[in-house]
Amino acid sequence: MAPDMLPDPQTQAQARLGRLSPKERQVLDQLLLHKPLKLIAHDLGITLSAVDQRLKSARTKLNAADRNAAARAYAALLATCRESTCGFEAVVRPGSAPLGRTPEPPAAATFTLRDSGTIIVPPSLYGNGPAGAVSEVLDERFGRLWRILAIPALAVAIAMLALALMAMAQMLGELL
């Protein structure tokens, strides 16, 4: 057989996916979400035995020994066909640049707060000043001393809140 006559792996995968019924695919989609069979039955509004029957039929069609193997085979078919469990094509289109791993940082790299700052202060709050993580903005305004003072102040505030809640609970207990 000539190499150009060999069937395309994507075509083979689509044919294997086509053999699965929509109901079997529903069960396999739920299984890919790591849901237990009882929850799958509840979510689909069917009995546990119906889930077992659909899973057994899908396992037979996928030549899988158990449900985990069936889920792995189904996930591989979806990846080959560029589908997701929601039924639409994956983000990467054929012919586009493959997604690669991001390069590892150099060995001498150090982790700083700027690398992890996810809480951004809008520049409008501080005029035309720099936008950065909240702790960095406060460092610029008050110096690093604010951190030393903020921790005990927050601890005292939490303790006062706890005492107030306990007093309120005691008052409510006396009323009832």
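Helix α4 crosses α5 with a left-handed sense. A crossing is left-handed if the near helix is turned anticlockwise from the far one by less than a right angle, and right-handed if clockwise. The structure is a predicted model, in which local features need pLDDT of at least 70 and side-chain atom pairs count only at pLDDT 80 or more, whereas totals for chains, interfaces and linings use all residues. Residues are numbered from 1 along each chain as its sequence is written, and side-chain values use heavy atoms, with hydrogens and water left out.

The protein chain contains eight helices and zero strands. Its order along the sequence is α-α-α-α-α-α-α-α. Helices (H or I, at least four residues) and strands (E, at least two) are DSSP runs, numbered from the N terminus. The chain has 176 residues, of which 20% are buried. Here buried means under 20% relative accessible area, exposed means over 50%, and partly exposed lies in between (1.4 Å probe, protein chains only). Among contacts with a separation of 6 or more, 43% join residues 24 or more positions apart. A contact means heavy atoms within 4.5 Å.

pLDDT is the predictor's confidence in each residue, from 0 to 100. The chain mean is 75, and 64% of residues reach 70 or more. Helix α4 (residues 48-62) has the highest confidence, at a mean of 92, while helix α6 (residues 113-116) has the lowest, at 50. Two stretches call for caution. Over residues 87-92, pLDDT stays under 50, and the model gives them ten contacts beyond four places in sequence. Over residues 115-121, pLDDT also stays under 50, with 13 contacts beyond four places in sequence.

Helix packing was then examined. Two packed helices are described by the angle between their axes and the distance between the axes. Axes are lines fitted to C-alpha atoms, for helices over the stretch in contact, and angles run from 0 to 180 degrees between N-to-C directions. Angles under 35 degrees count as roughly parallel, over 145 as roughly antiparallel, 65 to 115 as roughly perpendicular and the rest as oblique.

Helix α5 (residues 67-80) packs against α4 at about 60 degrees, with the axes 9 Å apart. The pair is therefore oblique. On the α4 side, Leu55, Arg59 and Leu62 take part; they meet Arg67, Ala70, Ala73, Tyr74 and Leu77 of α5.

Helix α3 (residues 37-44) also packs against α4. Their axes come within 8 Å and cross at roughly 105 degrees. The two helices are therefore roughly perpendicular. Leu37, Lys38, Ile40, Ala41 and Leu44 of α3 touch Leu48, Val51, Asp52, Arg54 and Leu55 of α4.

Helices α2 and α5 form another such pair. Their axes come within 10 Å at a crossing angle of roughly 100 degrees. These helices are therefore roughly perpendicular too. From α2, the contact uses Arg25, Leu28, Asp29, Leu31 and Leu32; from α5, it uses Arg67, Ala70, Ala71, Tyr74, Ala75 and Leu78.

Leu44 belongs to α3 and is partly exposed, at 26% relative accessible area. Beyond its neighbours within four places in sequence, Leu44 contacts Gln26, Val27, Gln30 and Arg54. Leu44 and Gln26 are 18 residues apart along the chain, and their C-alpha atoms are separated by 8.2 Å. Gln12 sits in helix α1 (residues 9-19). At 44% relative accessibility, Gln12 is partly exposed. Gln12 and Cys81 are 69 residues apart in sequence, yet 9.3 Å apart from C-alpha to C-alpha.

Most residues other than glycine have a negative phi. His34, in the loop between α2 (22-32) and α3, has a positive phi near 65 degrees. His34 is exposed, with a relative accessible area of 74%. Asn63 lies in the loop between α4 and α5. Its phi is positive as well, at about 55 degrees. Asn63 is exposed, at 70% relative accessible area.

Helix α8 (residues 145-175) has 31 residues. It spans 46 Å from first C-alpha to last, close to the 45 Å expected at 1.5 Å a residue. The expected span is 1.5 Å times one less than the number of residues. Of the 31 residues of α8, one is buried, so this helix lies largely in the open.
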